[in-house]
Amino acid sequence: MDAQPYARCTYMDETFMFFLDIKHSFSDIVREVCLGFKSLKHGSFDLRYAFPRYSSCVLSNDVDLTLMWRCMYDFKLQSVDFLVKDCGSSSVSSVVTHADDYSCISSSISVLPSSIVDGPEYLGHYRPERARIYLTNEWQGFIKNELDNNHTCKGVLREKTSSHLGSHVVKSEISNELKANPTLKPRQITDRFKHSFGLDILYRSAWYARELARKDVHGDDGNSYSQLLWYRDAILESNPGSYCRVEINPLTNRFERLFICFSGCIQGFQSCIPLLFVDAAHLKSKYKGYMLCAIGKNGNQEFFPFAFAIVDSENNANWKWFFDHLYNILSTQGRIVTFVTYRNGGLLNAVASVFPDSPHSYCYYHLKGNVRALYRNLYGYFVDKVVEEFMKVAYSPTIASYNFNLQSLKREGGKPTESFLTHLPLDKWCNAFFRGSRYGEMANSIVESFNRWCGPLRELPVFDFLEGLRVKVMDNMSERKVECKKWNTVLCPPMEALLKKFMDVGRHWPISMSSETFLEVHAENRLLLILRTALVLAINGKSIHSHVQTLLLPSRKLEIYLSTSSAVVQPPLVRRPSGRPKSVRMKSAAEGGTRRTIRCGRCGQLGRHNKATCTAPI
């Protein structure tokens with residue numbers, strides 16, 4: 001107890017208080033009462049006190065006082081009320097016991113002062129005197145007649161592991177932490193228990209505890225699908241102009257696929273660069289699946305979330321369905337959009353059939369991985385040299401430079417490279433033949449940034465994933481809107497810095513003027529001719545920024561973010577693979593991944609086969 005305990009002593013209509021000390025004896029208590037009430041003398045009165053469930057307890061000797069202290073400790077009380085009764089008067093009514101922490105007091109034993117009955121009120125009425133009982137039966141368990149000092153338990157040190165420390169106990173400890181960190185790993189849980197409590201828990205217990213806590217925090221994965229129809233109606237009602245479609249199998253009433261494009265994203269994309277990066281990412285919840293996404297790019301070189309879909313697999317039907325809904329949205333904007341994708345079969349067919357007139361670029365990063373995969377058994381300088389020559393061909397600005405670099409690539413790569421290039425349409429990967437504008441983008445890396453940005457959400461049930469993604473998109477758009485209002489440059493800051501860099505480089509070039517708008521630059525690199533021309537026009541009193549696309553202006557970025565604003569569906573049928581669920585995708589050899597070697601039980605050799613597929617002669 002933090003503060004010194006005290007007592008409130010009541011006799012007749014008077015009350016006084018005094019401090020209690022653990023060293024006080026019963027005689028000391030009686031002496032304090034006699035000092036407080038001058039009319040009382042030792043032996044002329046009885047004392048009573050009360051505790052929860054024990055309305056009237058006798059205080060007549062040191063043993064009673066010791067038990068009173070024990071009960072105050074058990075009930076966490078800081079004060080006690082004494083009622084002084086004249087000897088021979090009837091003891092009635094219970095006494096209120098108070099504590100500084102009022103939550104520890106049961107209201108069932110609280111008695112108002114008006115309910116305290118004094119003995120003189122019964123004068124003139126016959127009332128037989130009851131036998132004085134100092135302890136009730138409930139108190140007998142606190143008293144032992146003899147002390148048995150022989151211990152039967154074994155005095156051992158606390159062990160690091162406990163059979164009582166199961167997954168349910170671990171779950172109760174990590175539930176709050178899982179709300180703030182959905183990506184909490186089992187290894188982090190085991191490390192935390194070791195560091196905080198000095199206890200070792202099994203990895204299996206930590207993993208199962210995380211699954212139990214996730215179910216408590218986010219609900220059941222299967223029930224999450226039943227909220228999708230309500231979620232679709234809520235989006236269309238609260239965010240007019242949004243595009244949302246949910247498909248359910250009419251026979252089995254099971255979820256099939258979903259497409260969402262918010263109204264703010266539709267309106268904001270009209271001020272973005274007409275580029276869409278399309279990719280798919282794995283969902284890591286119980287029912288797996290894929291997230292198909294189309295991501296744009298604003299004038300500040302940042303990704304702009306545009307449209308999302310949830311499907312069961314990457315096949316031709318799902319990609320065709322995704323691009324059909326994209327066409328319903330983009331066809332009303334009247335712009336030709338360039339698509340940047342990787343070379344998935346269903347994805348390529350969908351783009352060609354739904355957007356036949358739109359430029360389509362292959363991701364250069366994935367093409368480099370395909371080139372490296374041609375030489376899996378070779379490493380080092382040779383493969384790097386082939387990839388470097390392939391990069392020169394892909395970035396060739398003219399047909400003449402393409403032919404020159406192609407010959408160098410064939411000399412270095414040989415027949416594997418020639419066979420690989422025969423299956424690549426030139427207008428999909430080479431700058432010299434690309435019909436349209438890439439806006440300086442050769443790779444699909446911006447959508448990879450988006451997938452990492454929403455990576456923690458992909459482990460949640462489908463409803464929590466969609467709602468978490470909506471909140472992240474809303475916060476992202478709000479933050480960027482506030483940020484771009486603070487800019488005072490003509491262009492977005494990255495483009496303004498790039499323009500200044502090019503101007504500083506071209507400032508030292510000698511030039512010859514052909515006309516007011518065309519100049520001949522006497523330098524090895526003539527790719528910056530338009531910037532040097534713009535510099536001359538700026539000297540003549542014209543704005544250099546008139547030669548820059550309006551999509552790079554801050555005002556266009558501000559327009560992007562101004563528009564922020566009950567049937568039971570069964571989950572899809574998914575066959576859960578054997579073993580521990582995988583949450584990290586295994587990298588291919590082209591991406592730098594390593595293949596684990598195993599030892600064959602038949603021939604004993606290390607390799608990629610086992611005894612069931614072994615063909616070695618024995």
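User: Why does Phe255 count as buried?

Analyst: In this predicted model, Phe255 has a relative accessibility of 5%, and since buried means under 20% relative accessible area, Phe255 is called buried.

User: What makes Tyr225 and Phe255 an aromatic pair, and why is the pair called tilted?

Analyst: The two ring centres are 5.3 Å apart, and rings pair if their centres lie within 6.5 Å, so Tyr225 and Phe255 qualify as a pair. Their planes stand at 50°; because planes under 30 degrees apart count as stacked and those over 60 as edge-to-face, with the rest tilted, this pair is tilted. Tyr225 lies in the loop between helix H6 (221-224) and helix H7 (228-238), whereas Phe255 belongs to strand E7 (residues 255-261), so the pair ties together parts that are 30 residues apart in sequence. Tyr225, with a relative accessible area of 4%, is buried.

User: Why is the pair of Tyr231 and Phe463 called edge-to-face?

Analyst: The planes of Tyr231 and Phe463 meet at 80°, and because an angle over 60 degrees counts as edge-to-face, the pair takes that name; the ring centres are 5.4 Å apart, which is within the 6.5 Å that pairing requires. Tyr231 is in helix H7 and Phe463 in helix H16 (residues 462-484), so this pair ties together parts that are 232 residues apart in sequence.

User: How do you know whether Tyr231 and Phe463 are buried or exposed?

Analyst: Tyr231 has a relative accessible area of 4% and Phe463 a relative accessibility of 15%; because the limit for buried is under 20%, Tyr231 is buried, and Phe463 counts as buried too.

User: What makes the phi of Gln301 worth a remark, and why is Gln301 called partly exposed?

Analyst: Gln301 is not a glycine, but its phi is positive, at about 65°. Most residues other than glycine have a negative phi. Gln301 is placed in the loop between strand E9 (290-297) and strand E10 (303-311), and its relative accessible area is 30%; because buried means under 20% and exposed means over 50%, Gln301 falls in between and is partly exposed.

User: Why is Tyr439 also called partly exposed?

Analyst: At 33% relative accessibility, Tyr439 lies between the limits of 20% and 50%, so Tyr439 counts as partly exposed. Tyr439 is found in the loop between helix H14 (415-422) and helix H15 (445-453), and its phi, near 55°, is a positive value in a residue other than glycine.

User: What makes Arg245 a charge over a ring?

Analyst: Arg245 lies over the face of Tyr243, at 4.1 Å from the ring centre, and the distance limit for such an arrangement is within 6 Å.

Technical notes
Residues numbered from 1 in each chain as written. Predicted model: local features only at pLDDT ≥ 70, side-chain atom pairs only at ≥ 80, totals over all residues. Heavy atoms only, no water. Helix = DSSP H or I, 4+ residues; strand = E, 2+ residues; numbered from the N terminus. Buried < 20%, exposed > 50% of the residue type's maximum accessible area, 1.4 Å probe, protein only. Phe/Tyr/Trp six-rings, centres within 6.5 Å; stacked < 30°, edge-to-face > 60°. Lys NZ or Arg CZ within 6 Å of the ring centre and 35° of its normal.
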